[in-house]
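Entries follow in the order I made them.

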Amino acid sequence: MKAIVTTIERITESVGFLTALVIIPLVLATCYEVFSRYLFNAPTTWAFELGYILTGTHFLLGGAITLLRGSHIRIDLLYANFSPRTKAAVDMTLYLFLLLPFLVMLCDSLGDYALRSFETGERTGQSSWNPPIWPFRAVITFGFAMLALQVTAEILKCAAILRGRPITTDRAEG
């Protein structure tokens, strides 16, 4: 079980690292747009769309690494006082019966949505640049699939705690 969790967490860390690099073209495109618009009075036709696509990519692909590092917002009025076993039972129940099924259904629907936009050649329609929208929809699907994969690792870690054999990895420390 530890090997599975370690593999999933390596994948999550790798995707998280690549996701962090998305900030570089986002900053470059935004700076180019600002200089072009305000210094040369020549706004671009592509910077706005590229900006929201890259921002969305960064946000959606960051969900799995955020879960791995325990950085999602949690309202823990009661939870903070639970024992590690009780926390694991609560987390496992919510992950297994609520979050994971939702993510699987969402990935299925989003995958179909991305495929349809690919097949029809759908475009964004937001500017004169008007790029195809299917790559971004595929990224959305991939982001939620990565989150589902990390949820699976969290379920396995909760099960190990409940069995009295917690899985420790150095990856969760981030």
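**Entry 1: Arg-69.** I looked up the exposure of Arg-69 and found it partly exposed, with a relative accessible area of 40%. I call a residue buried under 20% relative accessible area, exposed over 50% and partly exposed in between, with a 1.4 Å probe and protein chains only.

**Conventions.** I note that this is a predicted model, in which local features need pLDDT of at least 70 and side-chain atom pairs count only at pLDDT 80 or more, while totals for chains, interfaces and linings use all residues. Residues are numbered from 1 along each chain as its sequence is written, and side-chain values use heavy atoms, with hydrogens and water left out.

**Entry 2: salt bridges.** I took a salt bridge as a side-chain nitrogen of Lys or Arg within 4 Å of a carboxyl oxygen of Asp or Glu. By this rule I count six salt bridges. One of them joins Arg-69 to Glu-13, with the closest N and O atoms 3.4 Å apart. Arg-69 sits in the loop between helix H4 (63-68) and helix H5 (84-120) and Glu-13 in helix H1, so the pair ties together parts 56 residues apart in sequence. Helices here are DSSP runs (H or I, at least four residues), numbered from the N terminus.

**Entry 3: Lys-157.** I found a salt bridge between Lys-157 and Glu-9 at 2.6 Å, N to O. Lys-157 belongs to helix H6 and Glu-9 to helix H1, so this pair links parts 148 residues apart in sequence. Both residues, Lys-157 and Glu-9, are buried. Lys-157 also meets Glu-154 in a salt bridge of 3.0 Å, N to O. Lys-157 and Glu-154 are three residues apart in helix H6, about one helical turn. I therefore record Glu-9, Glu-154 and Lys-157 as a network of salt bridges.

**Entry 4: H1 against H6.** At what angle do H1 and H6 pack? I read about 145° for H1 (residues 2-21) and H6 (residues 134-162), with the axes 9 Å apart. Axes are lines fitted to C-alpha atoms over the stretch in contact, and angles run from 0 to 180 degrees between N-to-C directions. The contact (heavy atoms within 4.5 Å) includes Ile-8 and Glu-9 of H1 and Leu-149 and Lys-157 of H6.

**Entry 5: aromatic pairs.** I searched the whole structure and got four aromatic pairs. Tyr-32 and Trp-46 have ring centres 5.7 Å apart and planes at 20°, so I list the pair as stacked. Rings of Phe, Tyr and Trp (its six-membered ring) pair with centres within 6.5 Å; planes under 30 degrees apart are stacked, over 60 edge-to-face, the rest tilted. Trp-46 is partly exposed at 28% relative accessibility.

Notes
Helices (H or I, at least four residues) and strands (E, at least two) are DSSP runs, numbered from the N terminus.
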